[in-house]
Amino acid sequence: MLEVTRFQDARSFLAAGGGTLYHNEVVNSLILGVVERLVDKPNFYGADTPYLGLVTDYDKPLLAATITPPFGLLLAPLVEDVEMALALVLHNLQKHTVPYPDVHALAPTAERFAQMWAAETGGSYSLEMRQRVYELRRVIPPEGVSGSFRQAVEQDAPLIGTWLRSFELDCFGITSHSLEEYQQAALRRIQHGDWFLWEADDRWVVSMCMRVRPTTHGCSVSGVYTPPEYRGKGYASACVAALSQRLLDEGYEFTSLFTDLANPTSNSIYMKVGYVPRADFAKIKLVE
């Protein structure tokens with residue numbers, strides 16, 4: 001019997017659906033990484049109660065769905081045909097009046113959910129970003145890049161926060177937080193040991209990247225940014241390669257990352273240091 005279950009905690013969600021999600025760990029690394037963080041740190045993404053849903057058919061997982069407010073809906077299809085499962089999740093979300101500004105999933109799944117949502121609510125939707133998830137198991141170090149790699153410290157928070165704001169401006173043309181909020185977010189991540197920097201030979205910071213969403217066998221890389229005045233010198237490639245190698249050295253079997261398909265430069269950079277494309281995703285904005 002097809003049914004949707006909403007779980008009260010991340011551990012219960014993973015006990016029911018984690019095994020199936022881990023069968024395709026790279027493609028499901030986003031939703032797995034988010035939920036794994038919630039196991040030990042239930043308030044990691046904010047104080048609001050997350051939505052953790054799983055559609056099953058006689059205990060066989062078909063579709064996983066999560067929301068960590070104020071972020072959007074993440075969907076992970078676990079079988080080929082999830083049409084009925086998507087409808088069930090949509091109705092369950094309406095029943096529980098859970099807000100979500102967008103949907104992020106494998107491209108066909110995200111697009112189909114947005115169509116169903118618009119038909120049900122009378123709202124509209126628009127593509128926010130097409131993405132690709134990549135996997136790396138062996139680093140190809142870039143050659144001839146000057147400088148060195150280091151972990152960020154608390155004194156780096158103002159710079160990283162400023163760059164986070166610039167990163168969002170570059171990607172979306174707007175910023176969603178104040179500079180102080182970006183700097184506080186940077187500080188929290190630094191205290192978790194997540195931010196890393198590339199310094200030029202004069203010890204001037206020129207690029208950054210972050211480790212995010214560790215799972216059982218892998219860990220993701222995100223937040224890659226180099227200010228315009230330092231681009232074209234290989235700093236981002238060196239920073240990403242160094243962090244990826246560090247994660248492999250720590251015992252992870254692979255690293256992964258998401259790219260914006262509208263940015264061919266970044267996609268090329270990642271492939272040159274060893275990242276291999278695995279699947280295409282879409283993030284779609286939902287407008288009431």
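Ala, Val, Leu, Ile, Met, Phe, Trp, Tyr, Cys and Pro count here as nonpolar, Asp, Glu, Lys and Arg as charged, and the others, Gly among them, as polar. The model is predicted, so that local features need pLDDT of at least 70 and side-chain atom pairs count only at pLDDT 80 or more, whereas totals for chains, interfaces and linings use all residues. Residues are numbered from 1 along each chain as its sequence is written, and side-chain values use heavy atoms, without hydrogens and water.

A cavity is a set of points, on a 1 Å grid over the protein atoms alone, where a 1.4 Å probe fits but cannot get out, and its lining residues have an atom within 4 Å of a point. Grid points are joined across faces, edges and corners, and a volume is the space filled by probe spheres set on the points. The whole structure holds two cavities of 30 Å³ or more.

| Cavity | Volume |
|---|---|
| Largest cavity | about 90 Å³ |
| Second largest cavity | about 40 Å³ |

The lining of the largest cavity, which includes Val27, Asn28, His104 and Phe281, divides into ten nonpolar, two polar and no charged residues. Strand 4 (73-77) gives this lining its largest share, four residues; strands (E, at least two residues) and helices (H or I, at least four) are DSSP runs numbered from the N terminus.

Around the second largest cavity stand Leu38, Pro42, Tyr45, Gly46, Asp48, Thr49, Pro50, Thr68 and Pro69, and by class this lining has five nonpolar, three polar and one charged residues.

Technical notes:
1 Å grid on protein atoms, 1.4 Å probe; cavity = no way out; pocket = protein on both sides within 12 Å on 5 of 7 lines; lining within 4 Å.
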